[in-house]
Amino acid sequence: LFPLQSQLSQVLNGLSDRAKEAKEFLVQLRNMVQQIQENSVEFEACLVAQCDALIDALNRRKAQLLSRVNKEHEHKLKVVRDQISHCTVKLRQTTGLMEYCLEVIKENDPSGFLQISDALIRRVHMTEDQWGKGTLTPRMTTDFDLNLDNAPLLQSIHQLDFVQMKVSSPVPAPPILQLEECCTHNNSATLSWKQPPLSTVQVEGYILELDDGNGGQFREVYVGKETMCTVDGLHFNSTYSARVKAFNKSGVSPYSKTLVLQTSEDTQSEEQTLPFPVPLERSQLRRMSPFSSTLNLQPSFSGRSYFELRSSAHQLSLHSSLQSLNSAVAWFSFDPSSAHADIIFSNDNLTVTCNSYDDRVVLGKTGFSKGLHYWELSIDRYDNHPDPAFGVARIDVLKDAMLGKDDKAWAMYVDNNRSWFMHNNSHTNRTEGGITKGATVGVLLDLTRRTLTFSINEDQQGPVAFENLEGLFFPAVSLNRNVQVRAWSG
């Protein structure tokens, strides 16, 4: 009996130890409940404070933006009120002069009339001249040229999350550019890439980036799951750098090696008989802005290509021997570096206006010396008073006068009723039919025939404007603050 009692006593001692540990564990769990509640309150307070700080920053920024709107409002009112005051004084003076002249005309004394008539006639002419062009034109528009870009902030708000909640799976490895499938053709480039052979990390998509062809910043031209992409609308005779990276839920991979590629020179153009304006279905052009991209799952362009390793271990160079097209197609945007300082750029330099009432000139970035080129300019804002001008110019054209005032520009200037051609300040071929807001001006530069022709809303405006053109020409526009245009090139 005693051995059994001793054995039971030992077992009870072990169970007692477990019970004691369980009691201590329950105390620990109850302490955790209290700690979780305390931590939750503290965390919520911190989260509310962080969000309130963001809201306060947004409210401060809203107040700053509203202040700018109010300043613009006060400025517009001041300009209009000053013009009202100025015009009222001039009108009062004019009315007084008219009443005085009517009294003089009634004067029965011929000698007295003769003494003052010449002076009165001169004064009337001077007063009439003071009401010249522009005096009765508003100096200020009613539009507020302010557009709040809140898309990046909204995207950041949607992406706001707790760092701890993010998936901790690996990011993809850098993609590998497949040089044997990459090539250029005229002003397009096809690039192909793949994941490293031994990579097992899941990839959700790729981001392809190109610079601006002049060593500038990289821009995204394609985001998607495909591994081959053709980018159209590049500049002729330009050197571009391309790179690609992969992404998944965990993040974005490092960039691939950079590929340097060369587009062809402006191509030779054969004799053509295309009517004006150039029909898109015949010329097989797509209206696309620079850096637009289209997915091309066909085999690479035909043509020979070879590669040369640059001195940098992270850079490759691509050169292709290219075949010519029947017409030269190039996309362009407006050029801030050569424009007058009063020109205002927006929409990736595709839209321009001006902050001056005087005419200012802006050029396109791409110059043409041969081939057939057609582009359009849509009139996004117009108040029926200015005379914007459209055409082509040399790089050293006057930037502070209407396009066509010097011998470096060939242009059509147009108002709301009619148009004229102008070169070297010579006006020719007045043609009925003007522009309004929403109109489209077309420019056809045929350097095979060496001619320049214009259209308004797809109808040819007047005869062939200029002939015997030779040399390097840049798309050009002159406008003032009451006009805003957008370029549709290619």
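Modeller: Let's start with what is tucked away: the buried residues of H1 are Lys-76, Val-79, Gln-83, Lys-90, Thr-94, Leu-97, Cys-101 and Val-104. "Buried" here is under 20% relative accessible area, "exposed" is over 50%, and "partly exposed" is in between (1.4 Å probe, protein chains only). Helices (H or I, at least four residues) and strands (E, at least two) are DSSP runs, numbered from the N terminus. Keep in mind that this is a predicted model, where local features need pLDDT of at least 70 and side-chain atom pairs count only at pLDDT 80 or more, while totals for chains, interfaces and linings use all residues. Residues are numbered from 1 along each chain as its sequence is written, and side-chain values use heavy atoms, with hydrogens and water left out.

Part of the cover over those buried H1 residues comes from helix H2 (110-130). H1 itself has 104 residues and spans 152 Å from first C-alpha to last, close to the 154 Å expected at 1.5 Å a residue; that expectation is 1.5 Å times one less than the number of residues.

Now for Phe-25, which also sits in H1 (residues 2-105). Phe-25 is partly exposed, at 46% relative accessible area. Together with Leu-26, Leu-29, Met-32 and Ile-36, Phe-25 makes up a nonpolar surface patch of about 460 Å² accessible area. Areas come from the Shrake-Rupley method with a 1.4 Å probe, and for residues only the protein chains shown count as cover. Patch members have over 30% relative accessible area and no salt bridge; nonpolar side chains (Val, Leu, Ile, Met, Phe, Trp, Tyr) are joined within 5 Å, like charges within 9 Å. A salt bridge, for the record, is a side-chain nitrogen of Lys or Arg within 4 Å of a carboxyl oxygen of Asp or Glu.

For contrast, look at Ser-241 in strand E7. Ser-241 is buried, with a relative accessible area of 12%. Leaving out residues up to four places away in sequence, Ser-241 touches Glu-209, Leu-210, Asp-211, Phe-218, Thr-258, Leu-259 and Val-260, a contact being heavy atoms within 4.5 Å.

One word on confidence. The mean pLDDT (the predictor's confidence in each residue, from 0 to 100) is 80, and 85% of residues reach 70 or more. Residues 267-328 are below 50, yet this stretch has 153 contacts in the model beyond near neighbours in sequence. Where pLDDT is low, the predicted coordinates should not be read in detail.
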